[in-house]
Amino acid sequence: METQNSGTSVDTANVKTKRRGLFSKEADEGYVPNRELFAYSAALAGQNLTYQFVTQWLFYFCTDILKIGAKKVGFFTGFSRIWDALNDPIVGAIIDRRRCKNGQKLHPYLGKLPIFIGILTALMFVDFGVGETAAVVIILCIYIGWDFTYSFQDVALWGMMSLISPHPHERARVSQWLNIGVGAAWGAISLIPMIMGAREKIGISEKLLFLIFGIVFGFGGELMSILAYKTKERVEFVAPPKQSLLKDIALLRYNKILILLLLAQILNFFNGAIAWIYFFKYCVSVNIGGKVINGETVQFYYGILVSAFSAVSMFFAVKLADKLGGMKNIVIVAQVMNALFRVVAFFIGFDTLPKMIAVIAIISVSSIPTNMVGIAQRSLLCDSIDYTEWKTGKRTEGISNSMQNLTNKFVDALKLIFSGLVLSGLGYDANLGLEGQTQAFYKAQWPLFMLLPALGSVLYLIPFLCIRYSKAQRAQVEKDLAERHAESLANHETESVK
């Protein structure tokens, strides 16, 4: 277990990651070798293939493949996630209270759980050919088992980011690469609309297509996530004080940064509340030279073009944060640009090819900082864990990341319930096909697609702007924790000799 020398003075604003070979095996004290970093990033890519496939496509699978009513889908998926979310603080507290025989805190949850999670994911996208009620029961049972096991893996997988290095600037570099992995998963998932658009030419049904997706993205993604087992915990384990589970959870009151981050994410639930597929599939087609391109294919090209520049910019997130004065400022710029540019794009419209091109250009620019938000949020989350340990003497990777899970699931639940109510209120019925929906449904799709995320960004900024954590404060926390960990290690070695 590596710790920082107690005599080292740390200025996090000026820490520079030392040059290391591309596949170096050893790292300088407290830093992460690139080989390990790439394995961690690939693991996050795999896990997000599974997660994004489930969160983006389960609703559509239920409405358009299983033919379950949209309102019913919204309620049973939404409330099941709320129920599952309530389990996450308990999962996090369990992880924080347990030290494994090898002295590690999170590794045991990274090696075997992914196989079981992958199998459940594939089963979730099987049409068993039963009635609507039976289909709902089957989906719920599989999902509850999937989510409970996924919670342990997810808390451990993201929690490793705060243990992989004691240095905030180095963790920001790790966060950058992890989110590049997440972005790669987004890119892979974005292939789904294109494949769906070409399925008639391929000669394959949507039912079989989703089964294949479940195996490739669900089971295959989880197998990739096992690569996280190659990571190392570089922050000294501090034995937690013996106290009740409720008192462990109550430690969150000291983590004001985390509380404000979670509140901001909840208020941002409008962002992505209605899946893209409903706008593109039912409202968009492009005629180029007499060749008609269907909406699913247009969605694929839209996603690729919009994310092209922002994907490259993620490699420079840490440097940009240094220039802007910290990760917090990246988030502020991103949310402001997202809100303003989407309003402009809405008034331009999407009903002709020139307008489409203009909208794609505008959203492409706004997505450059938006794609860095995940990097900044995770970096701030790790800082908040350091701050909590500094205040209380206990590290809370488990409970802090489980609260992140709880928030994500609660937000997903809000999105599903909202989506079900909105689509049902607009008269949506998958059995009526592309041309048979109500006029209200067709008219609502463009503002729902373009303006709802803008509203989410505005609401997000309200609590986020209340976060107060200066560079000087962060540097002092890092220095004090380094001294505490070194002292703890020295005391442990002295007791071992006795």
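What share of the 498 residues of the chain counts as buried? In this predicted model, whose local features need pLDDT of at least 70 and whose side-chain atom pairs count only at pLDDT 80 or more, while totals for chains, interfaces and linings use all residues, 55% of the residues count as buried, that is, they have under 20% relative accessible area, with exposed meaning over 50% and partly exposed the range in between (1.4 Å probe, protein chains only). Residues are numbered from 1 along each chain as its sequence is written, and side-chain values use heavy atoms, with hydrogens and water left out.

**View 1. The chain as a whole, with 20 helices and 2 strands.** Helices (H or I, at least four residues) and strands (E, at least two) are DSSP runs numbered from the N terminus. The accessible surface, from the Shrake-Rupley method with a 1.4 Å probe and, for residues, only the protein chains shown as cover, comes to about 21200 Å², and 65% of this area belongs to carbon and sulfur atoms. Taking contact to mean heavy atoms within 4.5 Å, 82% of the contacts between residues at least 6 apart in sequence join residues at least 24 apart.

**View 2. The largest nonpolar core, a set of 54 residues.** Such a core consists of buried Ala, Val, Leu, Ile, Met, Phe, Trp, Tyr and Cys residues joined through side-chain atoms within 4.5 Å; the residues with the most contacts inside this one are F53, W57, L58, M124, F210 and Y278. Helix α1 (residues 34–65) supplies the largest share of the core, 10 residues. Leaving aside residues up to four places away in sequence, Y278 touches F59, Y60, T63, C283, L423, Y428, F441 and Q445. Another core, of 25 residues, lies apart from it and has L110, V155, W158 and M161 among its members.

**View 3. Aromatic pairs around F210 and F441.** Rings of Phe, Tyr and Trp (its six-membered ring) pair if their centres lie within 6.5 Å, with planes under 30 degrees apart counted as stacked, over 60 as edge-to-face and the rest as tilted; by this rule there are 47 aromatic pairs. The pair of F125 and F210 is stacked, because the ring centres are 6.3 Å apart and the planes stand at 15°. This pair links distant parts of the chain, 85 residues apart, with F125 in the loop between α3 (113–124) and α4 (132–163) and F210 in helix α8 (residues 206–225). F125 is buried at a relative accessible area of 0%, and F210 is likewise buried at 0%. F441 and Y442 form an edge-to-face pair, 5.7 Å from centre to centre with 75° between the planes.

**View 4. Helix α14 (residues 327–348) and its packing partners.** The 22 residues of α14 should span 32 Å at 1.5 Å a residue, and the end C-alpha atoms are 32 Å apart, which agrees; the expected span is 1.5 Å times one less than the number of residues. Buried residues of α14, including M327, I330 and V331, belong to a set that packs against α5 (168–189), α13 (317–324), α15 (353–370), α16 (373–392), α18 (439–450) and α19 (452–464). After α14 comes G349, with a positive phi near 95°.

**View 5. K67 in the loop between α1 and α2 (70–97).** The phi of K67 is near 60°, a positive value in a residue other than glycine. K67 counts as partly exposed, at 40% relative accessibility.
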